[in-house]
Amino acid sequence: MMNTHIYVENNKAIEIKKIPTLNYDEFYNIAVELLPKEEVHCVNYFGFPYGEKLKFICAFADDKEHKIALLSYEFENKNVKDLNLKSLTETFPAMHIFEREINENFGIMFQGHPWLKPIRFPHNRYDKKLQISQYPFYQIESEQLHEVGVGPIHAGVIEPGHFRFICNGENVLSLEIQLGWQHRGIENLFLKNENWLGRNLLAENIAGDTAIGHASTFASAIESLAGIKISKRLKIERMIALELERIATNTGDMSALCTDIAYQLGAAVFGILRTPIVNFTQRWCGNRLGKGMIRIGGTHYPLTPELRRELHEVLKKYKKKFLEMAHQCYHLVSLQDRFDDIGTLTKKQVRLIGAVGMAARMAGLPRDIRKSHPSGGYEFVNYEPITLESGDVFARFLLRSKEIQESLKLIENIISNDSVFAETDDMFEVDKPLTIQKDSFVLSLTEGWRGEICHTAITDNKGDLLFYKIKDPSLHNWKALELSLRNLEISDFPINNKSYNLSYAGNDL
Amino acid sequence: MTGMALLLAFVTAFFIPGIIGAVKAKSCGRKAPSLIQPMFDIFRLLKKGSVYSNSTSFIFQIAPIVYFATIFLGLFFLPFGAEKGIFGFTSDFIFLAYLLAIGKFFMILSAIDTASPFEGMGANREAFYSMLIEPVFFTIMGSLALVAQPPSLGNLYANAGALSDTPYLSWMIIVFIIYILFNIALVENSRLPVDDPKTHLELTMVHEVMVLDNSGFDLGLIQAANALKFALYGGLIANFFLSPEFHLITNVAIFLGMGVLFAIAIGLSESFRARNKMKKNSLYIVLMFSLAVLIFFLILAMNSKFILT
């Protein structure tokens with residue numbers, strides 16, 4: 001048993017040799033053994049060229065044991081196109097997106113997978129004849145039904161994505177979301193760019209609204225590979241930055257949700273409230289989205305006592321107004337009526353599709369990396385995830401408000417503790433040359449505002465990156481939006497879309 | 001003074017969109033734009049040419065003109081208190097209702113003409129809500145006509161005070177009638193809670209999505225027509241408060257004042273609530289219908305035309 005897979009912790013680098021290599025049947029059997037447990041879900045599953053071979057690594061996070069199981073199997077590179085493997089998706093639908101990605105990249109067939117559709121049409125895809133314009137949409141032939149296509153170019157400044165509705169009158173029978181328009185080949189750019197600062201900047205730009213989330217995941221992964229131990233103070237400052245990002249985006253989303261239901265007061269007030277938070281981030285690091293704040297091994301922008309005092313003031317003012325407005329919202333009948341019972345997902349559904357972050361917690365599935373695999377600043381706080389039961393648009397609205405209040409509490413508790421911020425040693429040692437462990441593997445998980453962000457780095461025998469894999473929570477959660485729309489009116493699509501607020505860029509990479 | 005109502009309607013139409021916008025801006029702590037900003041926008045649009053898609057037919061090109069013309073002509077029927085408008089004849093309110101319906105019919109046709117799935121959807125919704133709101137309007141007018149012979153718009157208002165034996169009771173009924181007329185105005189002018197004029201989301205639009213393909217002069221005409229439509233419904237409400245016993249200037253002041261109040265009421269009603277679910281709109285309109293029917297029977301009973309046993 002022990003030789004079949006290995007358990008690692010979040011942000012702990014290991015030698016890649018230590019991950020036992022299985023054959024596919026063994027891998028399949030272990031996966032089938034692990035996945036039915038409620039606390040286990042797949043955080044990443046990908047393949048990459050490894051010498052003459054194709055190596056596949058699959059990571060299952062165990063939320064109860066606070067450990068991540070790593071499984072691996074290999075194939076000769078030249079054999080892969082004849083492969084016809086048994087699909088895990090058949091039993092565990094949450095695996096569908098990973099198997100689709102592997103199929104798109106290497107042409108491996110998975111028997112029993114319902115439909116191996118392409119995800120993002122990368123330049124190095126297996127079947128280059130397949131173009132984004134020929135995406136195989138699901139269709140229903142009927143005189144009574146009609147299709148509505150929205151996008152990929154939208155009215156307004158929104159990222160590109162195509163939504164195909166099959167409707168019976170006003171009711172949506174099926175929604176299919178086709179993404180990939182935003183594909184930039186960012187994983188390959190990580191390998192091409194040999195400068196660590198350049199890679200750090202890339203990480204900040206994986207998804208513009210999660211700059212701090214992705215950058216801190218990247219920094220933790222690389223620090224672990226380089227054996228850099230960062231101070232408690234820096235860990236806490238990164239946590240504060242991450243929580244500020246969470247507060248700002250969630251407030252912005254609450255404003256946007258109010259806009260979509262034409263509730264003007266909520267839209268205006270939440271919109272105004274977001275500004276002081278992002279303005280503070282700008283005062284702290286020079287950028288409203290926190291770009292430039294997270295650097296490997298240190299920071300250019302320590303949280304000085306003056307900044308802390310200012311943050312305290314900003315949050316105090318924010319909290320008073322926010323609570324007042326949130327209270328208004330909970331007691332507004334027309335808002336309740338618009339949000340309640342719209343786009344409901346059950347706990348069973350979110351578990352089946354492997355939803356993470358807020359999309360899981362809104363239906364009662366307590367998936368939160370801050371609790372299950374804490375690293376960085378979260379090692380010093382005891383965070384309890386908030387879950388709601390109803391799983392509808394109102395639950396997603398309410399969850400945002402509750403998470404904001406929880407983040408406020410967390411920041412307020414920690415910035416009042418001066419002893420934490422006394423350390424100043426390694427803070428400014430940024431951009432020094434890194435000595436990276438050779439032939440190693442690290443998996444880094446962070447709970448961004450959307451959900452779990454997973455970065456995986458693999459190094460070669462010269463101590464440079466061999467492969468870098470990014471997973472944004474949106475990859476899982478787009479399916480939740482598709483399911484939410486079933487049997488709903490088409491006019492309810494915008495509020496559902498906004499209530500998830502998923503990333504196109506994070507999915508398309 | 002037969003043209004007075006028409007003249008005043010133009011004045012109110014000039015300010016109503018601006019007042020609504022200003023009230024909405026103020027109520028959420030924003031700086032309000034100028035009261036005549038919407039008029040500047042309309043004049044800017046009227047100076048431009050229009051762009052037509054190759055896939056549309058002449059229907060698309062004439063629809064905005066027909067829409068504007070019907071509403072413009074509709075204003076000729078607007079009475080000034082008890083005085084009839086420029087046009088006025090027995091049962092002219094039926095003519096007025098269907099005159100407006102012609103304009104709407106052409107707008108629906110033009111939306112379908114573009115062959116856009118969004119516009120088709122919007123046209124479908126607009127037709128559905130118009131169909132539901134029509135009986136509400138006729139029931140209200142019919143209730144007033146129970147005590148006004150012959151039933152022309154001017155006569156309806158002249159006899160509104162005689163809805164029951166006591167003026168207090170009459171006024172109570174008139175308050176309800178105004179409430180329903182106000183709601184009809186919200187539906188017909190595509191305001192909250194049925195529609196959201198400010199939304200950018202095509203999938204949730206009703207009226208706005210139908211004019212997505214219109215541009216320049218045509219769009220200007222449609223917006224001008226919308227402003228006139230506001231004035232028409234504002235006028236229908238204001239007329240209840242006019243009296244032949246008042247001085248002309250008092251009446252003019254009341255008419256304009258009611259127009260401003262009407263705009264403020266719309267602005268306030270849109271500031272502190274969310275819009276309905278699409279499914280709930282029909283329920284909301286049918287609720288108005290049931291209220292209208294209630295008023296109809298109330299007036300019948302009070303005038304002993306309908307004996308409760």
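1. From the N terminus on, chain B runs α-α-α-α-α-α-α-α-α-α. That comes to 10 helices and 0 strands. Elements are DSSP runs, numbered from the N terminus: helices are H or I with at least four residues, strands are E with at least two.

2. This is a predicted model; local features need pLDDT of at least 70, side-chain atom pairs count only at pLDDT 80 or more, and totals for chains, interfaces and linings use all residues. Residues are numbered from 1 along each chain as its sequence is written, while chains are lettered from A and ligands numbered from 1 in the order in which they are written.

3. The C-alpha trace of chain B spans about 60 × 45 × 40 Å along its principal axes. Buried residues are 48% of its 309 residues (buried: 20 or more other C-beta atoms, placed from the backbone, within 10 Å of the residue's own).

4. Chain B meets chain A through 23 residues from chain B and 22 residues from chain A. Contact means C-beta atoms, placed from the backbone, within 7 Å. On the chain B side, helix H9 (248-271) and helix H10 (278-302) each give two or more residues. That side has 8 nonpolar, 5 polar and 10 charged residues (nonpolar: Ala, Val, Leu, Ile, Met, Phe, Trp, Tyr, Cys, Pro; charged: Asp, Glu, Lys, Arg; polar: the others, Gly among them).

5. Chain A is assigned domain 1 (6-119) and domain 2 (186-508); the bounds come from an automatic or database assignment. In chain A, 24 residues of domain 1 contact 28 residues of domain 2. Strand S4 of chain A gives the largest share of the domain 1 side, 6 residues.

Conventions: Two residues are in contact if their C-beta atoms, placed from the backbone, lie within 7 Å. A residue is buried if 20 or more other C-beta atoms lie within 10 Å of its own, exposed if 12 or fewer, and partly exposed in between; C-beta atoms are placed from the backbone.
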